[in-house]
Amino acid sequence: MPTINRQLRLQNRPKGLLAPGDLQPVEDPVAPLSDGQALARVKYLSIDPTMRVWMVADTYLPAVPIGEVMRAFGFAEIIESRHPDYQKGDRVMGLTGLQDYVIVDSLDKRSFQKVPKIPFVSDTAFLGVLGINGLTAFFGMEIAQPKKGETLVVSAAAGATGSIVGQIGKIHGCRVIGIAGTDEKCAWIVKDLGFDAAINYKHPDWKEKLAAATPNGIDIDFENVGGEIMQAVLGRMNLFGRVVVCGLISGYTKEDPGMASFATVLVKRLRVQGFIILDYASRFMEAAKQLGQWKMFGKLKDRETIVEGLEKASDAINMLFTGGNTGKLIVKV
Ligand SMILES: NC(=O)c1ccc[n+]([C@@H]2O[C@H](COP(=O)([O-])OP(=O)(O)OC[C@H]3O[C@@H](n4cnc5c(N)ncnc54)[C@H](OP(=O)(O)O)[C@@H]3O)[C@@H](O)[C@H]2O)c1
């Protein structure tokens, strides 16, 4: 049994990007297991933009209390068990938190799911393409109701969610345009993932390029960013288009995230729907099967950016807001 559990606890509610000390490293003793508990070693942590929101505000989950281990999804392996449902070597996924070890008990069972061993599927895929991001892309695209020949625009297009959204759009026969923050990311989504075009929003003429790439307007906005990008995309929407509000990352580090103009929603009679992936928990298996099949047949490609070391988690969270990741961002503990 390990004796020390390294943890990162929330010390301050960040303003802007995370500052040193917002997450405080602590060494906590590992308590002996009671009946009905299992101890899991956290192997990989999913680094998600929503973590920055959990640090400051009550939203679909309450804000993380000051002094508590920072909430995070992770992939872990059971190393000791006094729980009838878990055996040494079982692999689980759930809200592990930013720490080395997590106790899995009956109360936690709802948030932890056992992960099967599948040949040729990496452990990290269960955090990205077959995990939260793949599922988010899948159900978000279900809300979008794509039809063959329609134009889909997705923002944060070279990220974990956006890169899958665009590929699902192609599977449905859409013309897919991605918006991303570097020329390398744009080249990856067009050349490797099969998007029809990509726009680097850091180029001064990106709005003209977006117009040139969407000559027939936009039918679906899969919105991951918000702010100026959402405003520009909404301006090119066709009548009765669909806007899937998945995330608004450009506002997460700001005091006042601002609002897109709803005049366009009115004038263009758009259908706007927000969603939180947890609403679809009862259908995760169905979606994971489909995503797995697409991946097996080469219709879905994914990439991961892996940062080594629990102590780097704070820097890793900031990478999401400075565009330092391509595809799924993961911390290897
Ligand atoms: N609704 C749900 O249940 C749900 C679930 C998962 C994720 N999400 C949302 O989906 C979005 C993407 O999440 P993810 O986990 O897949 O992260 P990700 O796309 O892998 O990483 C975030 C990316 O966003 C881009 N970005 C950051 N700040 C930006 C800004 N100010 N303007 C434009 N682009 C910016 C960066 O890429 P560039 O280099 O391109 O700027 C960065 O790499 C987030 O908004 C997240 O909150 C929602």
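Begin by selecting aspartate 123 and lysine 43, which form a salt bridge whose closest N and O atoms are 3.4 Å apart; the term stands for a side-chain nitrogen of Lys or Arg within 4 Å of a carboxyl oxygen of Asp or Glu. Aspartate 123 sits in the loop between strand S7 (113-114) and helix H2 (132-144), while lysine 43 belongs to strand S3 (residues 37-46), so the pair ties together parts that are 80 residues apart in sequence. Helices (H or I, at least four residues) and strands (E, at least two) are DSSP runs, numbered from the N terminus. The structure holds 16 salt bridges.

What you are viewing is a predicted model, in which local features need pLDDT of at least 70 and side-chain atom pairs count only at pLDDT 80 or more, whereas totals for chains, interfaces and linings use all residues. Residues are numbered from 1 along each chain as its sequence is written, and side-chain values use heavy atoms, with hydrogens and water left out.

Next, colour domain 1 (4-127 + 303-332) and domain 2 (132-278) separately, with bounds that come from an automatic or database domain assignment. Their centres, taken over C-alpha atoms, are 29 Å apart, and the contact (heavy atoms within 4.5 Å) takes 18 residues from domain 1 and 14 residues from domain 2.

The area buried between the two domains is about 1,400 Å², of which carbon and sulfur atoms give 65%; buried area is the accessible area (1.4 Å probe) that two parts lose on being put together, summed over both. Now select Tyr60, Arg303 and Phe321, which supply 26% of the area that domain 1 buries against domain 2, more than any other three residues. Across this interface the rule finds zero salt bridges.

Finally, show the ligand, which 28 residues surround, each having a heavy atom within 4 Å of it; the closest are Thr161, Lys185, Tyr201, Ile277 and Asn325. Select lysine 185, where a side-chain N or O atom is 2.6 Å from an oxygen atom of the ligand, and then tyrosine 252, where the corresponding distance to a ligand oxygen atom is 2.8 Å. At asparagine 133, a polar side-chain atom lies 3.3 Å from an oxygen atom of the ligand.

Key:
Polar contact = N/O pair within 3.5 Å; in protein donor to acceptor, adjacent residues only side chain to side chain.
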